[in-house]
Amino acid sequence: MIRLLFTIVAGVLLGGIVHLVSVLGLPRIATQDAYSRLAPITRLNAVTSLPQPDPGNAPLPFMDPAFAVAICRYDLSQGPIKLTVPVSQAYTSVSFYTRNEVAYYAINDRSAGRKVIELDLMTEAQHAELPEDEDVTAADRLIIDAPTAAGLIVMKALAPEPGLMPQAQASLAASNCKVQAEPTPAKR
Amino acid sequence: MRLIFITLLALMLATVVGLGATWMTATRGTDLGALTIGAWTARPKTGTADIDPYSRASIARSGELPVGTGDGVAFSATSDDRKRPLDGRCDVVVSGVTPAARFWTLTLYDSKGRLVANSLQRYGFTSQEIVRSADGSFEVRVAARSRAGNWLPTGGIERYALVLRLYDTPVGVATRSQRDAPMPSIATVGCR
């Protein structure tokens, strides 16, 4: 009897460990997460417009149908990324996600405060390598440190009425996301 | 022999308990960091780097992208103010005011997060297209058949979820109660 009780207690305790490990591990082993769903339909280090969600077909669940969405799937191992997104008439936002969908940074048109949202995305190591004088002139240039080398940039433009969707899509189509030309440290 | 049996039993129990608890929390979500106002629930921390492991697991499972905190916040509701599950065959009224935000959208999804087909191709409302009364409040009728005013069609599906997304809003991690964020009420007014 005591042995059975001990078995149950041990089983439940071990179950707690299994639970913790599986919760922490799930984001790593998930095959249907947002990044995996978007990887086949987006280009690397370039902007891809997502189709509008409709009942039969949506790239991701729980997408807001009032928004035009474009994705830049990035890999910073080839160098920092420069992103420019023109602001649409109503509302534009840019959100940054890691490979495992952690939203580590998001900015909207008002907080960017200009007609074009301009950002540099780089890993912390690349940021540290930036020549210092360049960092000073970069005062008006927004640099974002990416926690991981790979991830997603999601650009969204609101169509406040369905008729304004083509405008929102057009403004996103003019956005740009590309690897910056490698700064040559030898010049210094 | 007995030792092997007992070890196996303990291991089996561990698997069932552990994976069962993981499945439950990843599917239904937890109360960790949840902000509940009336029938609406938001998890503002899922839009930050401080996201808790349970929300990460449920996001990885569902395949959605959470709204980033600098962008906005998403409130979802699957039942009305009296805890009655939202039924697409009933008439549900969403009325009142929304918290301060530059824009908001109200969208109807099925339980898997897909939009619901209807002849109008009306999947939700934005704050700009909604018809309001003189005092600025609004009333949305969520129903299977066409209704006057702001009609949001359900397609007659049994269970659905409403998601109210606020964009460019002070509502977020620091929000605690209805006073900071007055959310619209949800009432089932009739069923056939």
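The area buried between chain B and chain A is about 4500 Å², and carbon and sulfur atoms give 66% of this. Buried area here is the accessible area, taken with a 1.4 Å probe, that two parts lose on being put together, summed over both. The size of an interface is often given in this way, as the accessible area lost when the parts come together. In chain B, R56(B), L65(B) and R102(B) lose the most area to chain A, and together they give 14% of what that side buries.

This is a predicted model, in which local features need pLDDT of at least 70 and side-chain atom pairs count only at pLDDT 80 or more, while totals for chains, interfaces and linings use all residues. Residues are numbered from 1 along each chain as its sequence is written, chains are lettered from A and ligands numbered from 1 in the order in which they are written, and side-chain values use heavy atoms, with hydrogens and water left out.

**Contacts between the chains**

The interface can also be described by residues: 55 residues of chain B are in contact (heavy atoms within 4.5 Å) with 55 residues of chain A. Across the interface the rule finds 3 salt bridges. A salt bridge is a side-chain nitrogen of Lys or Arg within 4 Å of a carboxyl oxygen of Asp or Glu. R102(B) forms a salt bridge with D109(A), and the closest N and O atoms are 2.4 Å apart. R102(B) is also among the residues of chain B that lose the most area to chain A.

S95(A) has contacts in both chains. Leaving aside neighbours within four places in sequence, S95(A) is in contact with Y105(A), A106(A), L152(A), I153(A) and V154(A), and with D71(B) from chain B. S95(A) is found in strand 4 (residues 92-98) of chain A. Strands (E, at least two residues) and helices (H or I, at least four) are DSSP runs, numbered from the N terminus. S95(A) has a relative accessible area of 1% and is therefore buried. Buried means under 20% relative accessible area, exposed means over 50%, and partly exposed is in between (1.4 Å probe, protein chains only).

Side chains of opposite charge can pair when their charged atoms come close. Over all chains, the structure holds 13 salt bridges.

| Pair | N to O distance |
|---|---|
| E158(B) and R89(B) | 4.0 Å |
| R114(B) and D110(B) | 3.0 Å |
| E129(B) and R122(B) | 3.4 Å |

Salt bridges that share partners join D87(B), R89(B), E158(B) and R159(B) into one network.

The side chains of E158(B) and R89(B) meet in one of the salt bridges of the table. E158(B) lies in the loop between strand 8 (150-153) and strand 9 (161-167) of chain B, and R89(B) lies in the loop between strand 3 and strand 4 of chain B, so the pair ties together parts that are 69 residues apart in sequence. E158(B) is partly exposed at 47% relative accessible area, and R89(B) is partly exposed at 43%. In the pair of R114(B) and D110(B), R114(B) is partly exposed at 42% relative accessibility, whereas D110(B) is buried at 15%.

**Disulfides**

A search of the whole structure finds 2 disulfides over all chains. A disulfide is a pair of cysteine sulfur atoms within 2.5 Å.

In chain A, a disulfide joins C72(A) to C177(A), with an S to S distance of 1.9 Å. The pair links distant parts of the chain: C72(A) is in strand 2 (residues 67-75) and C177(A) in strand 9 (residues 176-179), 105 residues apart. C72(A) is buried, at 0% relative accessible area, and C177(A) is buried at 3%.

In chain B, a disulfide joins C90(B) to C191(B), with an S to S distance of 1.7 Å. This pair also links distant parts of its chain, with C90(B) in strand 4 (residues 90-96) and C191(B) in strand 10 (residues 185-191), 101 residues apart. The link of C90(B) and C191(B) is right-handed, with 90° about the S-S bond. C90(B) is buried at 2% relative accessible area, whereas C191(B) is partly exposed at 39%.

**A sheet in chain B**

Strands of a sheet pair through backbone hydrogen bonds, either parallel or antiparallel. In chain B, 6 strands form an open sheet in the order 1-2-3-9-5-6, with antiparallel pairing. Two strands pair if DSSP finds at least two bridges between them. The edge strands are strand 1 (35-37) and strand 6 (124-126) of chain B, each of which pairs on one side only.

Within chain B, 2 bridges join strand 2 (residues 40-42) to strand 3 (residues 72-77), and these strands run antiparallel. A42(B) stands opposite F75(B) in strand 3 of chain B.
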